[in-house]
Amino acid sequence: MVARTDLSELLDALDPHADLAHRHLWLIELLGWIRGSRDSVPRAVARVNLLLDALQQRPEAAARLQAWWQKLLGTVDATALLADYGFSSRSAFASELLERLRLKFLPGTPETADASALFTLAFHDAFDARWLTALDDATLARLADLLKSRCVNLELGHCVWLTNSQQREISPWQATLLEALTFCTSQIRTTGFSPELRLRMSMPARETAPFHALTTDFDALQAAFLASPLQHNVERQAALHQFLARLDACRHAAASVYTHLEAHGISVNLVFQLRQMRSRVLRIRALLDCLLSERPQRLTVQLLADLVKMGLERRSLRALLAANSSMLAAKVAERSSETGEHYITRNRAEYMRMLRDAAGGGAVMSITTLMKFVVVSMSLSAFWSGFYAGLNYALSFVLIQMLHWTVATKQPAMTAPAMAAKLKELGAPGAIEGFVDEVTHLVRSQVAAIVGNLALVAPAVLLISSALWFAFGAPMIDASVAKHVLQDLTVLGPTALFAALTGVLLFASSIIAGWTENWFVLHRLDSVIRYNPKVTTALGPARAERWASFMRHNISGLAANVSLGLMLGLVPAFAAFFGLGLEVRHVTLSTGQLAAAAASLGPDLLQQGAFWWCVAGIAITAALNVGVSFYLAFLLALKAHNVSGVDRSRIYQAIRHRINTRWPSFFWPASAASQAQDNKHG
């Protein structure tokens, strides 16, 4: 069908007796003509008025349009459009994702009796919502008069609804609205009775049983509407008030689920159902407005505009992922925030403990460095070399966790959510100064962790290399491998890019950790280990209790460490498969490798510029590992905590003032007496 750009041609092509597909194609073409080039809403509104003027001057065209409209109403049922358009027909997130992929990439056909499918084809542009809402009351009145002038002669006719005592004739549009309201009400009631939702509702919400009486209240409202021809009456208002109150009770009962997410974890499917229920409540309110209002045209066109927006969102993969992952992101950030508080030191005792724990982590990483070169010397294929390297990293990180030591680069992704949570309290008196204190504590803690790691990994690697020299007559690596290490770690190469990539992997491991802990809690696996008869028979009650407690407290750390280790090893292998040539640069591992190269090449290396370029590369690696990981985690936490409207200028000014007046506090904690004196002056 050739697109027509002339209104006269469009009206001449209108044939109410054409087949289903061509009648619908004419509607799509008409809306395309109104839409124009999508650059001017007033121009689109003017085209609607031009159409009405042309139909007024051409009575035969108006008659054909009215006949066409009768055919449309007779073949396409608008109930599903009004009640269900924009909502998911799937109960699970994964199946809804597949459905959206189908809608996005598989075109629809105008040869359909589904009003929702036709609406998607006709109103497929966000511009449609804009020009629809811009239509003035006079234009809407002309449209309504044109489309309803022959409605009494429709085959559908007027609808007759029966009540217990009398019958009342209502229009097809009102009948459609009532059917749509019935559909929405039943959907909300069904969702309220789903086991996943009921089990997590608060006890008071279950006891009030708002979902049980929802249908009864709607039936009472419908009976009051059908029984009286008056627009306003006491009985109808009372029934409307009762139904809306019951809807609010259902919404609050469903919202009580959120208070139990800490204990039971988050299900994306559950959050999906809750969001669907809230949207259906809003749809019911919009339908009631159209049914009971004295100005139904204005509210109807607003409903159509909202349907356009919901249809676009219904096909958006980004909207689905953003809406249904926000709660999970919030919980991941919250759990990371709780963990991150343990990585922030606020006094000298905690600072010295951080140095000690980081030094222990550095000692373990020296063994990791040795095993990395062992794996490299085996000359395995890219995958197996990456796998064993990742396994080496993962086992090292887990060992550090079990010994309660620390690796500096794992901290930023945990501490960032804790800092973001502090931003929510900036409205309180003295909150800016308190936040700057937290920034100072965080920077100082990170410095302590990096210094502790590097201060021990380098001498430990030198010690291991010396021991190997005395035992086997050769250092950890030979001169050719040492020179290759210098070429890899120099700041003059792609070290900065690889260090930033490693920061992304560090952040990704924190997300995996939060997701795994939530999954563990959601499925109550600690209770399974503790009480399941098969598990307790295999382990014994006492051992099952210990395992349950251990996994509940360490599952997040284990997930983070194992995932990070495997990503550090396997990401370069997979990148090599695609010819990308990406590597990872972890500051502690890089320092260990540089120390191994120095042990192989001897003290003369200190006089060479290549060594100091590598030292600069280590500094850049540390900054990017920490900075990228912290930045990404901080952005996620800000979004998850809904933090906005922060006065950044005041924060920056306060931080600059702290640097100018007490810059040593960013590297070394003040004594208790000095802190007390500062607080007194502050």
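Which residues in helix 2 meet helix 4, and which residues in helix 4 do they meet? In the predicted model, L20, R23, H24, W26 and L27 are the residues of helix 2 that meet helix 4, where their counterparts are L65, W68, K71, L72 and T75. Two packed helices are described by the angle between their axes and by the distance between those axes. For helix 2, spanning residues 20-35, and helix 4, spanning residues 59-75, the angle is about 115° and the axes lie 11 Å apart, and the crossing of helix 2 past helix 4 is left-handed.

These two elements belong to a protein with 31 helices and two strands. Of its 682 residues, 47% are buried, and among the contacts with a separation of 6 or more, 81% are made by residues 24 or more positions apart. The accessible surface amounts to about 33600 Å², with carbon and sulfur atoms contributing 62% of that area.

On this surface, a nonpolar patch is formed by I367, M371, V374, M378, L380, F383, W384, Y388, L391, L395 and F574, which together have about 990 Å² of accessible area. Two or more residues of the patch are given by each of helix 19 (348-377) and helix 20 (382-402), and helix 20 supplies the largest share, namely five residues. V374, one of the residues of the patch, is located in helix 19; because its relative accessibility is 35%, V374 counts as partly exposed, a class that lies between the buried limit of under 20% and the exposed limit of over 50%.

Methods: Residues numbered from 1 in each chain as written. Predicted model: local features only at pLDDT ≥ 70, side-chain atom pairs only at ≥ 80, totals over all residues. Heavy atoms only, no water. Patch = residues over 30% accessible without salt bridge, like charges linked within 9 Å, V, L, I, M, F, W, Y side chains within 5 Å. Areas by Shrake-Rupley, 256 points an atom, 1.4 Å probe, with all protein chains shown as cover. Salt bridge = Lys/Arg side-chain N within 4 Å of Asp/Glu carboxyl O. Helix = DSSP H or I, 4+ residues; strand = E, 2+ residues; numbered from the N terminus. Buried < 20%, exposed > 50% of the residue type's maximum accessible area, 1.4 Å probe, protein only. Axes fitted to C-alpha atoms, helices over the stretch in contact; angles between N-to-C directions. Left-handed = near helix turned anticlockwise from the far one by under 90°. Contact = heavy atoms within 4.5 Å.
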